[in-house]
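Work through the exercises below with the sequence and the 3D structure at hand. Each task is followed by its solution.

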Amino acid sequence: MGQGEPGKLAAGVRNLLQALFHFEYSRFGSLILSYSIEFGKMSKLSNKTKVSIELDALHAAPLAAQQAHGYADTLREILQQPATWSDTAELLRQPQLRELMQAALVPRPSHIVLTGSGSSMYIGECLAPSLQVELGIPAQAIAAGSLLTHWRSVLPPGAGLLISLARSGDSPESCGVVDRLLADAPDYRHMVITCNANGKLATRYRNDPRVTVLVLDERTNDRSLVMTSSFTNLLLAGFGLVQRGGSDALAAVTRLARGVQRIFDEQADALATVARGEFGNVVYLGSGGALGAAHECALKMLEMTGGAVVTVAETYLGLRHGPMSSLDDRTLVVGFLSPDPAVRAYELDLLRELSRKQLGMTRVLVGEHIPADVLGPHDVGIEQAGLGATDDALPLLADVVVGQLLAFFRCLELGGKPDTPSQGVLTRVVEHFPMHRERSSESEHEGDA
């Protein structure tokens with residue numbers, strides 16, 4: 001498949017930058033001066049730092065060219081994530097905010113339900129296992145659409161806590177669900193975590209004592225159609241329910257941010273090379289909360305390529321029950337490895353089975369201490385060292401970033417515009433649709449008579 005215009009732009013600027021890098025190398029011997037991007041300012045890096053030629057090439061283009069080729073917002077928002085995570089972690093340490101989040105858990109809810117639509121729903125899938133383990137409260141993710149249409153049959157009974165996750169807070173079902181449950185499930189209390197201080201979720205309930213609202217920094221309110229930094233910061237904020245806000249929590253986020261920055265600096269080129277491969281479908285694998293990350297990455301690839309790349313998200317063990325039949329020599333396999341040794345043993349068994357059966361074209365694996373025998377000569381292993389052998393939600397942020405980069409590079413390779421993929425089909429905020437009233441039980445019985 002031939003390159004589209006954005007792909008040609010990236011290749012052209014990349015070649016120019018490579019030539020400049022070789023020129024600088026010839027002038028200075030072993031010294032190559034490079035710069036990192038941090039919200040519009042340039043800061044010199046160590047001369048030992050290897051910087052992605054792919055990402056620098058795209059960022060080196062004039063802003064007008066980036067906007068014309070439709071990737072300026074998405075690129076900026078992907079790259080700003082390590083810095084925004086640090087800001088979100090600092091926000092979560094503020095005493096007033098700590099009190100606000102802890103107050104949402106008093107009295108102790110019988111259940112925690114995380115809800116949202118699309119990417120926001122997958123944040124809930126990432127968070128639910130960790131919240132349940134750490135808080136000792138049953139937690140699950142339920143799509144906002146399901147709550148809107150079937151809340152009576154899917155919402156756990158009792159005095160629960162509903163956590164609504166949203167970038168804009170303006171999607172029709174966002175307020176539709178909260179409005180309905182405030183009226184029809186009055187025992188539930190509500191927490192809203194959003195990136196938009198002016199959205200309906202953030203403003204409509206500000207005087208309702210049953211609703212707690214947490215608004216993140218405006219920079220996380222992504223301008224691109226696709227959610228990137230909004231996703232990871234909402235995930236980090238939700239995990240704040242179980243963190244105590246001390247120095248240990250901040251240190252964990254700092255380690256994670258440094259690890260992801262290393263992906264940008266040292267491994268983005270390898271991911272770009274994979275994204276230019278001749279694959280037609282991608283299978284994303286994750287266990288526990290990582291299934292939410294797999295769902296999100298599958299959606300990113302589907303969105304940014306306008307459906308040109310078919311995606312499947314599944315658990316490692318679930319792949320054997322039918323979806324494995326979709327793997328062939330044009331399938332990219334992306335696996336997020338659990339830090340839990342017992343869980344990882346199952347995951348590695350599956351990967352070795354795929355090797356024996358010669359299923360899949362290329363693999364991208366993310367985790368710590370990835371065994372050499374599950375990586376072939378053309379595969380990519382993204383090592384995330386130093387995060388600790390924990391099965392909490394934090395390592396999932398790195399998994400999601402890898403999926404974002406693969407989708408971003410693939411979109412450009414196919415000639416798409418990451419900022420506005422599928423023009424005329426998708427919009428940044430879902431278009432308004434009417435809220436339909438439920439029929440009462442009495443009217444249903446009357447209709448049956």
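**Exercise 1.** Is Asp73 buried, partly exposed or exposed?

Solution. The model is predicted, so local features need pLDDT of at least 70 and side-chain atom pairs count only at pLDDT 80 or more, while totals for chains, interfaces and linings use all residues. Residues are numbered from 1 along each chain as its sequence is written, and side-chain values use heavy atoms, with hydrogens and water left out. Take the classes next: buried is under 20% relative accessible area, exposed is over 50%, and partly exposed lies in between (1.4 Å probe, protein chains only). Asp73 has 23% relative accessibility and therefore counts as partly exposed.

**Exercise 2.** Describe the salt-bridge network that contains Asp73.

Solution. Start from the criterion: a salt bridge is a side-chain nitrogen of Lys or Arg within 4 Å of a carboxyl oxygen of Asp or Glu.

- Step 1. Arg76 bridges to Asp73, with 3.1 Å between the closest N and O atoms. Both lie in helix H4 (residues 72-79), three residues apart, which is about one helical turn. Helices here are DSSP runs (H or I, at least four residues) and strands are runs of E (at least two), numbered from the N terminus.
- Step 2. Arg76 also forms a salt bridge with Glu77, at 3.2 Å from N to O.
- Step 3. For accessibility, Arg76 is partly exposed at 37%, whereas Glu77 is buried at 2%.

**Exercise 3.** How far apart are the closest N and O atoms of Lys357 and Glu353?

Solution. The distance is 2.8 Å, and the pair forms a salt bridge. Lys357 is partly exposed, with 45% relative accessible area; Glu353, at 11%, is buried. The structure holds 14 salt bridges.

**Exercise 4.** What is the strand order of the open five-stranded sheet?

Solution. Two strands pair if DSSP finds at least two bridges between them.

- Step 1. The order is S4-S3-S5-S6-S7, with parallel pairing.
- Step 2. Strand S4 (139-141) and strand S7 (211-215) are the edges, each pairing on one side only.
- Step 3. From one strand to the next, the twist averages 15°.
- Step 4. Strand S6 (residues 189-194) runs parallel to S7 and is joined to it by five bridges; His190 has Val211 as its bridge partner in S7.

**Exercise 5.** Which strands does helix H7 lie across?

Solution. Helix H7 (residues 119-135) lies across strand S3 (112-115), S4 and strand S5 (161-166). Its direction is at about 170° to S4. Such angles run from 0 to 180 degrees between N-to-C directions, with axes fitted to C-alpha atoms, for helices over the stretch in contact (heavy atoms within 4.5 Å).
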